[in-house]
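Dear colleague,

Please keep it in view while you read.

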Amino acid sequence: MFNFTYFTPTEVFFGKGTETQAGVLVKKYGGKKVLIHYGSGSVVRSGLLGRVKASLEEQGISYVELGGVVPNPVLSLVYKGIDLAKREGVDFILAVGGGSVIDSAKAIGYGVANEGDVWDLFEHTCTAKACLPVGTILTIAAAGSEMSMSSVITKEEGLKKRAYDDDLSRPRFAIMNPELTVTLPDYQTACGCTDILMHTMERYFTNGGNMEITDSIAEALMRTVISNARILKNDPKNYDARAEIMWAGSLSHNGLTGCGNDGGDFATHMLEHEVGGLYNVAHGAGLAAVWGSWARYVMKDCLPRFKKFAVHVMGIKDSGDDEAVALKGIEALEGFFQEIGMPISFKELGIKASEEDLALMAKKCVAAVGGTQGSAKVLTEPDMIAVYRMANA
Ligand code: NZQ
Ligand code: ZN
């Protein structure tokens with residue numbers, strides 16, 4: 001077990017009707033001029049944006065708006081947001097949407113509060129000194145950005161998708177009303193469930209510092225996500241299942257399921273970011289398409305964990321043959337992905353990458369992670385190409 005810090009400063013407001021508290025909460029956290037940031041229209045169509053504005057107006061808080069965030073949010077809109085926020089004297093950013101909106105809000109927050117080009121943070125050539133306070137109203141359970149330290153942005157030029165991690169951007173509050181997620185297309189719900197699972201799996205498949213208490217929390221979380229994703233497949237309006245998934249999404253990526261270990265593997269995530277950057281696929285679907293190939297490639301280097309996952313999470317019987325059990329666990333999870341409509345290969349994801357593109361993604365991944373990535377197995381550039389090739393087969 002390794003030493004760890006567990007820092008989760010985000011105040012959570014969970015349940016029906018909680019979005020009406022937006023104005024009160026912005027005031028509590030000192031916001032006087034707010035930038036309301038949102039996506040491509042779902043919050044307008046659902047009426048949520050109107051309710052949020054009314055809540056701010058009730059508290060006498062003025063605001064400006066910037067919509068148009070797209071999945072795999074882009075740098076050009078971040079620049080636009082920074083200009084707008086500076087021009088209008090914005091002191092608080094309210095993100096109304098999913099991970100893409102929240103990440104874009106965090107990036108704008110950095111851009112306003114620091115000198116220089118905000119993209120330099122994502123290239124890791126400097127670090128942030130501050131970030132404007134961000135509050136969130138979550139509309140999709142997936143990325144966990146409502147409590148996380150990450151912002152993931154794509155620079156259109158060169159299609160570079162990069163993350164910047166810093167506690168400074170952890171949201172001040174997260175409003176989570178599971179009812180807000182019932183308007184999601186089934187595909188997005190499934191993508192979200194996959195991403196949530198993966199955030200814990202990235203922390204579970206490691207070769208360093210594992211703790212029993214962390215494993216127990218992680219395994220319970222993974223089982224809960226799988227069983228409730230199955231419920232939502234047949235009953236998408238089920239409030240309790242939506243709530244289980246939503247809370248799991250936050251706990252999966254706020255650090256809880258990684259306490260005591262070596263920081264996690266995160267190779268699947270880093271490999272997927274390049275797929276998302278190049279082909280603009282939904283993050284969760286990209287993860288599902290890469291994971292099985294990664295798992296088969298690294299399994300022997302992390303066998304006890306794969307076996308434990310198979311038995312404790314996927315319910316595989318321990319036959320005593322560790323490799324066979326581990327493999328059955330991988331197959332069972334892939335079966336679950338397919339059951340909820342997720343792809344388990346590039347072909348099912350709808351892409352056919354050329355050898356040049358596989359090499360390009362591996363090269364960009366190496367640049368993004370600074371060389372190698374992984375804990376279950378440390379992946380070098382040739383390893384990354386090999387995993388991509390398996391997913392592309
Ligand atoms: O833009 P709108 O119109 O709102 O539509 C969105 C979008 O098309 C739609 N949607 C969201 N809530 C809805 C809804 N549609 C109907 N009803 C609702 N209630 O869903 C689509 C996907 O939204 P998006 O925000 O992109 O999804 P998600 O939360 O999965 O975020 C994905 C982004 O987060 C990054 C990913 O790489 C990706 O760019 N990640 C961020 C992380 C972090 N900051 O900690 C960690 C993750 O691993 C991930 O990398
Ligand atoms: Zn993710």
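H199 is a buried residue, with a relative accessible area of 2%; buried means under 20% relative accessible area, exposed over 50%, and partly exposed in between, with a 1.4 Å probe and protein chains only. Please bear in mind that this is a predicted model, in which local features need pLDDT of at least 70 and side-chain atom pairs count only at pLDDT 80 or more, while totals for chains, interfaces and linings use all residues. Residues are numbered from 1 along each chain as its sequence is written, chains are lettered from A and ligands numbered from 1 in the order in which they are written, and side-chain values use heavy atoms, with hydrogens and water left out.

Because H199 lies in helix α7 (residues 186-204) and H283 in helix α11 (residues 283-298), the pair ties together parts that are 84 residues apart in sequence; helices (H or I, at least four residues) and strands (E, at least two) are DSSP runs, numbered from the N terminus.

H283 is itself buried, at a relative accessible area of 18%, and its side chain makes a polar contact with the side chain of D195 at 3.0 Å. A polar contact is a pair of N or O atoms within 3.5 Å; within protein, one must be able to donate a hydrogen and the other to accept it, and residues adjacent in sequence count only if both atoms are side-chain atoms.

**Ligand 1**

Around ligand 1 there are 31 residues, the closest being S42, S100, D103, S148 and H199, where a residue counts as near if one of its heavy atoms lies within 4 Å. This shell divides into nine nonpolar, 19 polar and three charged residues; Ala, Val, Leu, Ile, Met, Phe, Trp, Tyr, Cys and Pro count as nonpolar, Asp, Glu, Lys and Arg as charged, and the others, Gly among them, as polar.

A polar side-chain atom of H199 is 2.7 Å from an oxygen atom of ligand 1, and a polar backbone atom of G41 is 3.1 Å from an oxygen atom of the ligand. A backbone N or O atom of S150, in turn, lies 3.0 Å from a nitrogen atom of ligand 1.

**Cysteines and backbone**

How many disulfides are there? The count comes to zero, a disulfide being a pair of cysteine sulfur atoms within 2.5 Å. The sulfur of C131 is 13 Å from the closest cysteine sulfur, in C126, and is therefore too far for a bond. C191 is in no disulfide either, as the nearest cysteine sulfur, that of C193, is 9.4 Å away.

Most residues other than glycine have a negative phi. H124, however, has a positive phi of about 60 degrees; H124 is found in the loop between α6 (119-122) and β5 (134-138) and is partly exposed, at 47% relative accessibility. L159 also has a positive phi, near 45 degrees.
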